[in-house]
Amino acid sequence: MLPDRERKLLRILINYPSPIHSARAPDFKLLETMTGRRKSEIQGSLEYLEQHGYIEWPDKGTTEGIEIIKNEVLEKSPPKRNNIKYWTEY
């Protein structure tokens, strides 16, 4: 399972392409806005994702050319408990 910063960054990279953005990756300025992190932290997270085989990042100076190799399988959260007791007894 990926740490929170890297998982968030990977989700952004996976979900960013759209008909408007075709197949390009968001630039560092946009990633800073979307993640709330500095460029150095984003670069560290991208290196982490590359080392663990989630992405390929040939040009380390820019986000162009980032290719997603594997998508993280999201774990299902446990079902929420039934809170009927709260509504009937209190």
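The model is predicted. The chain holds 4 helices and 2 strands. Read from the N terminus, its elements follow the order α-α-α-β-β-α. The chain has 90 residues, of which 24% count as buried. Among contacts with a separation of 6 or more, 47% join residues 24 or more positions apart.

Two packed helices are described by the angle between their axes and the distance between the axes.

Helix 1 spans residues 4-15 and helix 2 spans residues 28-35. The two pack at an angle of about 125°, and their axes are 11 Å apart. Roughly perpendicular covers 65 to 115 degrees, and roughly antiparallel begins over 145. Helix 1 and helix 2 are therefore oblique to each other. Their crossing is right-handed. On the side of helix 1, the contact involves Lys 8, Leu 9 and Ile 12. On the side of helix 2, Leu 31, Met 34 and Thr 35 take part. By class, these residues comprise 4 nonpolar, 1 polar and 1 charged.

Helix 2 also packs on helix 3. The angle is about 95°, with the axes 10 Å apart. Helix 2 is therefore roughly perpendicular to helix 3. Helix 2 contributes Phe 28, Leu 31, Glu 32 and Thr 35 to this contact. Helix 3 contributes Lys 39, Ile 42, Gln 43 and Leu 46. The contact of helix 2 with helix 3 divides into 4 nonpolar, 2 polar and 2 charged residues. Leu 31 and Thr 35 of helix 2 meet helix 3, and both residues also meet helix 1.

The remaining pair is helix 1 with helix 3. Here the angle is about 85° and the axes lie 9 Å apart. This angle makes helix 1 roughly perpendicular to helix 3. Arg 5, Glu 6, Leu 9, Leu 10 and Leu 13 of helix 1 form one side of the contact. Glu 41, Ile 42, Ser 45, Leu 46, Tyr 48 and Leu 49 of helix 3 form the other. The contact of helix 1 with helix 3 counts 7 nonpolar, 1 polar and 3 charged residues. Leu 9 takes part here and also in the contact of helix 1 with helix 2. Ile 42 and Leu 46 of helix 3 meet helix 1, and they meet helix 2 as well.

Leu 10 is found in helix 1. Its relative accessible area is 1%, so Leu 10 counts as buried. Leu 10 and Leu 46 are separated by 36 residues in sequence. In space, their C-alpha atoms are 8.5 Å apart.

Side chains of opposite charge can pair when their charged atoms come close. The chain has 4 salt bridges.

Asp 4 and Arg 7 form one of them, with an N to O distance of 2.8 Å. Both residues lie in helix 1, 3 residues apart, about one turn of the helix. Asp 4 is exposed, because its relative accessibility is 56%. Arg 7 has a relative accessible area of 23% and is partly exposed.

Another salt bridge joins Arg 38 to Glu 41, with the closest N and O atoms 3.7 Å apart. Arg 38 is exposed at a relative accessible area of 57%. Glu 41 is partly exposed, with 22% relative accessibility.

Lys 60 lies in the loop between strand 1 (55-56) and strand 2 (67-68), whereas Glu 50 lies in helix 3 (residues 39-51). The pair therefore ties together parts that are 10 residues apart in sequence. Lys 60 has a relative accessible area of 35% and is partly exposed. Glu 50 is also partly exposed, at 27%.

Notes
Residues are numbered from 1 along each chain as its sequence is written. This is a predicted model: local features need pLDDT of at least 70, side-chain atom pairs count only at pLDDT 80 or more; totals for chains, interfaces and linings use all residues. Side-chain values use heavy atoms; hydrogens and water are left out. Axes are lines fitted to C-alpha atoms, for helices over the stretch in contact, and angles run from 0 to 180 degrees between N-to-C directions. Angles under 35 degrees count as roughly parallel, over 145 as roughly antiparallel, 65 to 115 as roughly perpendicular and the rest as oblique. A crossing is left-handed if the near helix is turned anticlockwise from the far one by less than a right angle, and right-handed if clockwise. Contact means heavy atoms within 4.5 Å. Ala, Val, Leu, Ile, Met, Phe, Trp, Tyr, Cys and Pro count as nonpolar, Asp, Glu, Lys and Arg as charged, and the others, Gly among them, as polar. A salt bridge is a side-chain nitrogen of Lys or Arg within 4 Å of a carboxyl oxygen of Asp or Glu. Buried means under 20% relative accessible area, exposed over 50%, partly exposed in between (1.4 Å probe, protein chains only).
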